[in-house]
Amino acid sequence: NHLNKYRNQLVCEFKRIQFTVIRRSDEPFKSNYLRDLIPKKKFLDNRQYNSCAVVSSAGSLTNSNLGQFIDSHDLVLRFNHAPTVGFEKDVGSKTTVRILNSQVVSKSEFKFLEDNLYRNITLLAWDPSNYTSTLEDWYSRPEFNVFTNYAAYRRQFPKSKFFLLNPRILWQLWDFLQSNSPSRLRRNPPSSGFLGLAALLPRCEYVNVFEYMPSTRVTKRCHYYDTKDNPACTFGVWHPLAAEKLLTYSLNIANDTTTFDRGFMTLLGFKRTNC
Ligand code: NCC
């Protein structure tokens, strides 16, 4: 039917964006000290997973009781410094991947090199480049200096799986959002949440995205792990968050009870759509 046709078209457009991390062969890294610190391995070993969970950090996860269900997924992705200890009932305890923005990696308050939160899992850090910048431009002027602690962590844990997102992807995703949004978006990169989705759709049979589309538990509370109120966390001010969420909702195959009562959307992995 025409509904599926629209969804398939969107997926095919999304699929054309190759989610890429920085490789040893990319300049300027190829010719500087970071070259040998970049893992030779591929992000998620190019492996295919069956069920994947993207756990937003939304305050509406509080009292969701979704922890056990989240942990039942083959892969669980979380963001930044979002904890699980003490919040297991609502968010679970399993973590396979963490996506970190460059503030979390670089600012001392997040204790990136010390905290166990960042150990023995796959890590992917990102930092915004300008829309037109090359990797050279980005490397010489990152928004937050992600490179120093990247190197320090990789030296401390040489076997770790810690990757840097190629910032070009941010703008490819932004173009994709803009070309499917009725309103004009500010030129700011998508939130870590949308990056999580873009990272997993190529690798998973299906992805459940928790409290990204706000459910009936919607609250002013920004995060499930602290008490600060800020509705902008849910609807967006700096990131094109509303556009991300609406686009994700158009790819959602879960029914409204699941989406708005239980609090998650289900998206089919890219392998499931022929383009
Ligand atoms: O808050 P943050 O996001 O770490 O949340 C991770 C992802 O969860 C989704 N989310 C979060 C809260 C909420 N009420 N609804 C949601 O849907 C979003 O998809 C979000 O991306 C980020 O994206 O990296 C962000 O990081 C924070 C902050 O830097 C880190 O938490 C570290 O403290 C940003 N906040 C600030 O800089 C003040 C936020 O804008 C984006």
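A residue counts as buried if 20 or more other C-beta atoms lie within 10 Å of its own, as exposed if 12 or fewer do, and as partly exposed in between, with C-beta atoms placed from the backbone. Helices (H or I, at least four residues) and strands (E, at least two) are DSSP runs, numbered from the N terminus.

## Helix 10

In helix 10 (residues 241-251), the buried residues are Leu241, Ala243, Glu244, Lys245, Leu247 and Leu251. Their cover includes helix 1 (2-15), helix 7 (168-179), helix 8, helix 9 and strand 7 (264-268), where contact means C-beta atoms, placed from the backbone, within 7 Å.

## About the model

This is a predicted model, in which local features need pLDDT of at least 70 and side-chain atom pairs count only at pLDDT 80 or more, while totals for chains, interfaces and linings use all residues. Residues are numbered from 1 along each chain as its sequence is written.

Seven of them form an open, mixed sheet in the order 5-4-3-2-1-6-7; two strands pair if DSSP finds at least two bridges between them. Strand 5 (161-164) and strand 7 are the edge strands, each with a single partner, so one side of each has no neighbour in the sheet. From one strand to the next, the twist averages 20°.

Strand 1 (residues 49-55) and strand 2 (residues 75-79) run parallel and are joined by three bridges. Val54 has Leu77 of strand 2 as its bridge partner.

## Around the ligand

The ligand is surrounded by 20 residues, the closest being Ala58, Ser191, Ser192, Gly193 and Cys233; a residue is near a molecule if its C-beta atom, placed from the backbone, lies within 6 Å of it. Helix 4 (102-106), helix 8 (192-200) and helix 9 (232-235) each supply at least two residues of this shell.

Notes
Two residues are in contact if their C-beta atoms, placed from the backbone, lie within 7 Å. Axes are lines fitted to C-alpha atoms, for helices over the stretch in contact, and angles run from 0 to 180 degrees between N-to-C directions.
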